[in-house]
Amino acid sequence: MSSQIDHLLNESRRFAPPEEFAASAIATAELYDRAKADREGFWAEQARELLHWHKPFTEVLDWSNPPFAKWFADGELNVAYNCLDRHVEAGNGDRVALLWEGEPGDERRVTYAELTDEVKRLANVLTGLGVGQGDRVAIYMPAIPEAIAAMLAVVRIGAVHSVVFGGFSADSLRARLDDAAAKVVITADGGYRKGKVSPLKPAVDLALADRNGSGPQETVENVIVVRRGGNDIDWVEGRDIWWHDVVSQAPAEHEARPFPAENPLFILYTSGTTGKPKGILHTTGGYLTQSAFTNKVVHDVHPEDDVFWCTADIGWVTGHSYVTYGPLANGATQVLYEGTPDTPHPGRWWEIVEKYGVTILYTAPTAIRSFMKIGRKVPKRFDLSSLRLLGSVGEPINPEAWMWYRKIIGGKAAPIVDTWWQTETGAIMISALPGVTETKPGAAQVALPGVSVDVVDEDGTHVGNGNGGLLVITEPWPSMLRGIWGDPDRFVETYWKKFEKQGFYFAGDGARLDDDGEVWLMGRVDDVMNVSGHRLSTTEIESALVANEAVAEAAVVGASDETTGQAVVAFVIIKESYLAEHAPEGLANTLRLWVGEQIGPIARPRDVYIVGELPKTRSGKIMRRLLRDVAEGREVGDTTTLADTAVMSVISAQLK
Ligand code: WT7
């Protein structure tokens, strides 16, 4: 980490906004002044300008019971109406909402009118199944248009979705279904990944069945299944329903009823510092305001002209805010791609950019770094001249990757916005405004208009320019999380306790202010890893490891990795009783695969090291810092607080 920081501090390249871009940019420097003069008034103005309110709000922010915020609380709106019907009513029904590309190369163009029709019918189906306001519906789907329709149909009737990434295992799905007490699951038979059908419905069946003696799942009444993969699946009569049977039969009329602005919109689970994922809760009015606003001013989306492509899966917050809600609220046209970047060839993404004339690309540093590794020859084979803006999200982007992105993908012309935010913040918080801000490779730079952040020390004191500390958000913002599903104490404890006195939100990230007072992100300061822009908890993976019969103890760290940012590295102690009866050969790999089965392939460790001991403090806390040194091949740091100071040399020797 420290060499990375030194490297960043030497970074002094600057790129002025290109004149041509600035001339038609939606963002202006004046936005900062307006927000500064009246922050709440600024957000109220955005909410009124960007959204249709069935009942206009008169209150903006209610912060009388911090940290439980209410935004636009007496207003009423319908999120699906804002994303669909109003565009059709404005005469834009024929505009393409989704330029969908399946991994095998099949394609569908879905207009706003068609998407609206599908959503209305599905809304009627859900109502018919007894789903009402506040009920939870889980969505476990590939990146197909029906996934977006499913999200919008759920929120259209005031219900709450919980999208579970299709790469999560049956156990992870089960835990999320149980926690949210979901009533319905919407899934597909399977979807295409890496050239073959990756089954989904079988995982739903497993999740709903008796898992490890816990009994069958109790809350899910129906499973709606889209036919996509054509793979064989089991069928439970009375519970399972084919999407194509019910949706086309359902009435086409459906009125979008208004709901209060603080009606829950979705729950999205994300890893924290304990073994149990947190259900981050978002509500409607504030969330939709900020996701639409940021998609407009940061992504500079001009709905009539642009083809926007956010490469994130809808299973992550980026897919919620910048595939479903922001772009559709703005009436944009976007690409939705089902598969992996290298199937069937390594130029697949660039082929899609050329084919659809993508103008704005929003992706993660890990993807950029893996393209860098393959080399410029691949993207150079395609015409990428339509691209006029590039975005980065999910993890710090190293200046080398930033420069490569600018030169090879952006043709040295397209501005790059490095956007910092979190599942919890709901929408972008820190980013350059394209056409306004002079950009710096490697820095997220400045808080958006209407957003207040700071970098502080452990006591909450501003660190001043040129110094590092902890990133905090100092004022409530419209798309802030409203809580952790079913666990208000954990919400307070995790985000608000540390700087209770000041009332700051603690993001869990380390950051630095440069001499201009701009923000550089330095990675997580807690036991959370960021692998390929996806958040994983060390403790969650440790729990999965110790659940294996062979494992006595486990410690997991995030070690820096050239492509994925961080990689999961596990140190495990094997039970003597197990070794007495089994050969240790192949065990490390078995445990890697085990974690993949328990949580999902993204959590699979890059390395599993079998060791005799783990470094612990006298109070028994594992010193992950030291293990990280070993995993990253560094000299092991200060070991004086270890209970047994010799243990690190033993471990290092074992790994040689
Ligand atoms: C964590 C949030 C934001 C959607 C995707 C990830 C890291 C995110 C950046 C960035 C440096 C970043 C932070 C943050 N992160 N964007 N531009 N520069 N770090 O959402 O899974 O909730 O993870 O991702 O560490 O806390 P998430």
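Q: Which residues of α7 are buried in this predicted model?
A: They are Pro-145, Glu-146, Ala-147, Ile-148, Ala-149, Ala-150, Met-151, Leu-152, Ala-153, Val-154, Val-155 and Arg-156, where buried means under 20% relative accessible area with a 1.4 Å probe, protein chains only. Hence 12 of the 12 residues of α7 are buried. Residues are numbered from 1 along each chain as its sequence is written. In this predicted model, local features need pLDDT of at least 70 and side-chain atom pairs pLDDT 80 or more, and side-chain values use heavy atoms.

Q: How do you know that the span of helix α7 agrees with its number of residues?
A: The expected span is 1.5 Å times one less than the number of residues; for the 12 residues of α7 (145-156) this gives 16 Å, and the end C-alpha atoms are 16 Å apart, so the two agree.

Q: Why does Phe-57 count as buried?
A: Phe-57 has 4% relative accessibility and therefore counts as buried.

Q: What makes Phe-57 and Phe-72 a tilted aromatic pair?
A: Rings of Phe, Tyr and Trp (its six-membered ring) pair if their centres lie within 6.5 Å; planes under 30 degrees apart count as stacked, over 60 as edge-to-face and the rest as tilted. Phe-57 and Phe-72 lie 4.6 Å centre to centre with 45 degrees between the planes, and the pair is tilted.

Q: What makes the charged end of Arg-227 sit over the ring of Trp-242?
A: NZ of Lys or CZ of Arg must be within 6 Å of the ring centre and within 35 degrees of the ring normal. The charged end of Arg-227 is 4.8 Å from the centre of the Trp-242 ring and sits over it.

Methods: Helices (H or I, at least four residues) and strands (E, at least two) are DSSP runs, numbered from the N terminus. Buried means under 20% relative accessible area, exposed over 50%, partly exposed in between (1.4 Å probe, protein chains only).
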